[in-house]
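Welcome, and please open your viewer. Here is a short tour of what to select next and what is there.

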Amino acid sequence: MHVAMWVVAVVLAVVLLATGTMKLARTNEQLAASGLGWTADVSTVTVKLIGAAEVLVAIGLTLPAVLGVAEILVPLAALGLYC
């Protein structure tokens with residue numbers, strides 16, 4: 001069970017890191033053209049904040065548990081996905 005939890009956490013972190021980085025690096029027009037049509041309806045700042053939040057959650061899902069420091073942040077980061 002412990003291995004399955006790590007596999008799910010790492011896969012989720014990789015996906016969130018990729019999508020968050022994409023939102024931070026591209027313009028709203030590029031994102032809309034690539035299939036994220038909702039980005040055309042919101043401000044650039046909003047898209048960048050969402051991207052930054054996704055990157056922070058990806059880091060929070062893995063880094064504290066790997067380093068053994070402040071491990072309480074892992075479930076809090078996972079909880080942040082649902083809010």
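## The whole chain

Show it as a cartoon and you will find four helices and zero strands, in the order α-α-α-α from the N terminus on.

Next, colour by confidence. Helix H2 (residues 28-33) has the highest mean, 93, while helix H4 (residues 73-82) has the lowest, 76. A word of care: where pLDDT is low, the predicted coordinates should not be read in detail.

Now select residues 2-25, which form helix H1. Its 24 residues reach 34 Å from first C-alpha to last, close to the 34 Å expected at 1.5 Å a residue. Which residues of H1 are buried? Show side chains for Ala9, Ala13, Leu16, Gly20 and Lys23. Their cover includes H2, helix H3 (44-67) and H4.

For the last stop, switch to a surface and select Leu56, Ile59, Leu63, Val66, Leu67 and Val69, which make a nonpolar patch of about 590 Å². Pick out Val66, which sits in helix H3. Is Val66 buried or exposed? Val66 counts as exposed because its relative accessible area is 59%, and the cut-off is over 50%.

With the surface still on, note that the protein exposes about 5400 Å², with carbon and sulfur atoms supplying 76% of it.

Note on methods. Residues numbered from 1 in each chain as written. Predicted model: local features only at pLDDT ≥ 70, side-chain atom pairs only at ≥ 80, totals over all residues. Heavy atoms only, no water. pLDDT = per-residue confidence, 0-100. Helix = DSSP H or I, 4+ residues; strand = E, 2+ residues; numbered from the N terminus. Expected span 1.5 Å × (residues − 1). Buried < 20%, exposed > 50% of the residue type's maximum accessible area, 1.4 Å probe, protein only. Contact = heavy atoms within 4.5 Å. Patch = residues over 30% accessible without salt bridge, like charges linked within 9 Å, V, L, I, M, F, W, Y side chains within 5 Å. Areas by Shrake-Rupley, 256 points an atom, 1.4 Å probe, with all protein chains shown as cover. Salt bridge = Lys/Arg side-chain N within 4 Å of Asp/Glu carboxyl O.
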